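User: I'm new to this one. Please walk me through it.

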Amino acid sequence: MPTILGQNQYGKAENRVVKITRDGATHHIKDLNVSVALSGDMDEVHYSGSNANVLPTDTTKNTVYAFAKEYGIESAEQFGIHLARHFVTSQEPIHRARIRIEEYAWERIGTSDANSKFIGADEVKHSFVRKGQETRLTQITYDGERWEVVSGLKDLVVMNSTNSEFWGYVKDKYTTLQEAYDRILATQVSARWRFNWTDDEQRMPQWEKSYEQTRKHMLQAFAETYSLSLQQTLYQMGARIINHRSEIDEVRFSLPNKHHFLVDLEPFGLKNDNEVYFAADRPYGLIEATILRDGCEARIPVDMTNL
């Protein structure tokens with residue numbers, strides 16, 4: 001039976017680049033993990049092994065580091081846009097570039113108010129600690145005409161210790177879960193949001209401000225929603241983003257329900273008044289959904305693990 005070549009792409013994955021910007025004695029850090037995937041006129045390299053249209057993956061790696069020097073890293077999105085445009089416009093066989101970036105945040109280490117003779121001001125301004133709250137993400141895709149930018153985050157763990165209930169659900173002969181009228185609601189947020197900036201004629205979003213504000217609205221919605229289900233909270237988080245950030249048309253969440261079960265203390269003669277819980281990591285409920293601006297089409301893949 002004859003065979004034909006299907007979808008294909010190649011590139012260099014997980015290029016770790018750390019860019020230090022020195023503003024006098026004050027330093028700024030951008031710490032990225034950049035993956036490049038290129039596709040286009042690549043039939044012959046698969047059929048005959050001809051590398052005539054192949055830009056080496058080592059070259060894509062070198063480009064990442066060179067661009068960090070030449071252009072700096074204003075934001076993960078802007079850096080990805082520079083790379084995608086370069087690969088598509090500089091190599092005729094390459095028709096499409098996809099750049100995926102994880103950004104690891106750093107913050108300055110606070111020092112005591114005491115004016116220690118052992119710590120000079122120049123040292124304070126270049127000391128950092130890795131933030132452990134979440135990893136920032138972005139994916140930039142460019143085909144020479146149209147852009148698609150999908151950004152987001154993962155591993156952002158949040159909890160409400162009250163103002164959450166879960167009752168009135170379907171029950172059958174296998175149901176053992178007790179209805180809860182005051183429970184802990186906790187989840188580890190994985191979210192992606194798609195920008196409506198698609199071509200160079202449009203005004204480009206302010207990427208850094210957009211991320212900060214989107215994250216803020218997401219967290220505020222989580223904190224302010226009196227939750228009767230994690231689905232309800234998820235919807236409110238997405239709706240808050242869509243309603244407040246005009247540059248975003250679509251948000252997709254994957255929220256594992258990090259269950260907290262009341263511990264039975266009666267065998268010890270103690271009453272557990274919603275105070276002591278067992279945190280279970282497996283199995284967990286997994287709640288996923290997309291929230292869209294009215295009239296817009298969903299484009300973020302349902303299986304976000306591919307991002």
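User: Let's start with α6. What do its buried residues pack against?

Analyst: They pack against β8 (185-195), α5 (207-224), β9 (248-257) and β12 (285-292). Contact here means heavy atoms within 4.5 Å. Buried means under 20% relative accessible area, exposed means over 50%, and partly exposed is in between (1.4 Å probe, protein chains only).

User: And where does this model come from?

Analyst: It is a predicted model, where local features need pLDDT of at least 70 and side-chain atom pairs count only at pLDDT 80 or more, while totals for chains, interfaces and linings use all residues. Residues are numbered from 1 along each chain as its sequence is written, and side-chain values use heavy atoms, with hydrogens and water left out.

User: Got it. Which residues of α6 are buried?

Analyst: Leu230, Thr233, Leu234, Met237, Gly238, Ala239, Ile241 and Ile242. In general, an α-helix has 3.6 residues a turn, so residues three or four places apart point the same way.

User: How far does α6 reach?

Analyst: α6 covers residues 230-244, 15 residues in total. From first C-alpha to last it reaches 21 Å, close to the 21 Å expected. The expected span is 1.5 Å times one less than the number of residues.

User: Zooming out, how many helices and strands are there?

Analyst: Six helices and twelve strands. Helices (H or I, at least four residues) and strands (E, at least two) are DSSP runs, numbered from the N terminus.

User: What box does the protein fill?

Analyst: Along the principal axes, its C-alpha atoms fill roughly 75 × 75 × 35 Å.

User: How much of it is buried?

Analyst: Of the 307 residues, 40% are buried. The protein exposes about 17800 Å², and carbon and sulfur atoms supply 49% of that. Those areas come from the Shrake-Rupley method with a 1.4 Å probe; for residues, only the protein chains shown count as cover.

User: What share of contacts comes from residues 24 or more positions apart?

Analyst: They make up 67% of the contacts with a separation of 6 or more.

User: Now the core. Which residues touch the most other members of the largest one?

Analyst: Val34, Phe79, Ile99, Val189, Trp193, Met218 and Phe253, out of 52 residues in that nonpolar core. Helix α3 (residues 76-90) gives the most to this core, with seven residues. A nonpolar core is a set of buried Ala, Val, Leu, Ile, Met, Phe, Trp, Tyr and Cys residues joined through side-chain atoms within 4.5 Å.

User: Why would they group like that?

Analyst: As a general point, nonpolar side chains tend to be buried together in soluble globular proteins.

User: Stay with α3. Which residues there are buried?

Analyst: Ala76, Glu77, Gln78, Phe79, Gly80, Ile81, Leu83, Ala84, Phe87 and Val88. They pack against β2 (26-40), α2 (57-71), β3 (94-104), β6 (135-142), β7 (147-160) and α5.

User: What does Ala84 contact?

Analyst: Leaving aside neighbours within four places in sequence, Ala84 contacts Ala97, Ile99, Ile140, Tyr142 and Trp147. Its relative accessible area is 0%, so Ala84 counts as buried. Ala84 and Leu38 are 46 residues apart in sequence, and their C-alpha atoms are 9.0 Å apart.

User: Switching to α5. Is Ser210 buried or exposed?

Analyst: Buried, because its relative accessibility is 1%. Ser210 sits in helix α5. Not counting residues up to four places away, Ser210 touches Phe195, Arg245, Glu247 and Ile248.

User: And Asn15, where is that?

Analyst: Asn15 is in strand β1 (residues 15-23). Asn15 is buried, at 4% relative accessible area. Beyond four places in sequence, Asn15 touches Leu32, Asn33, Val34, Lys61, Val64 and Tyr65.

User: What about phi at Asp155?

Analyst: Positive, about 65°, although Asp155 is not a glycine. Asp155 lies in strand β7. At 36% relative accessibility, Asp155 is partly exposed. Asn163 also has a positive phi, near 60°. Asn163 is in the loop between β7 and β8, and is partly exposed at 39%.
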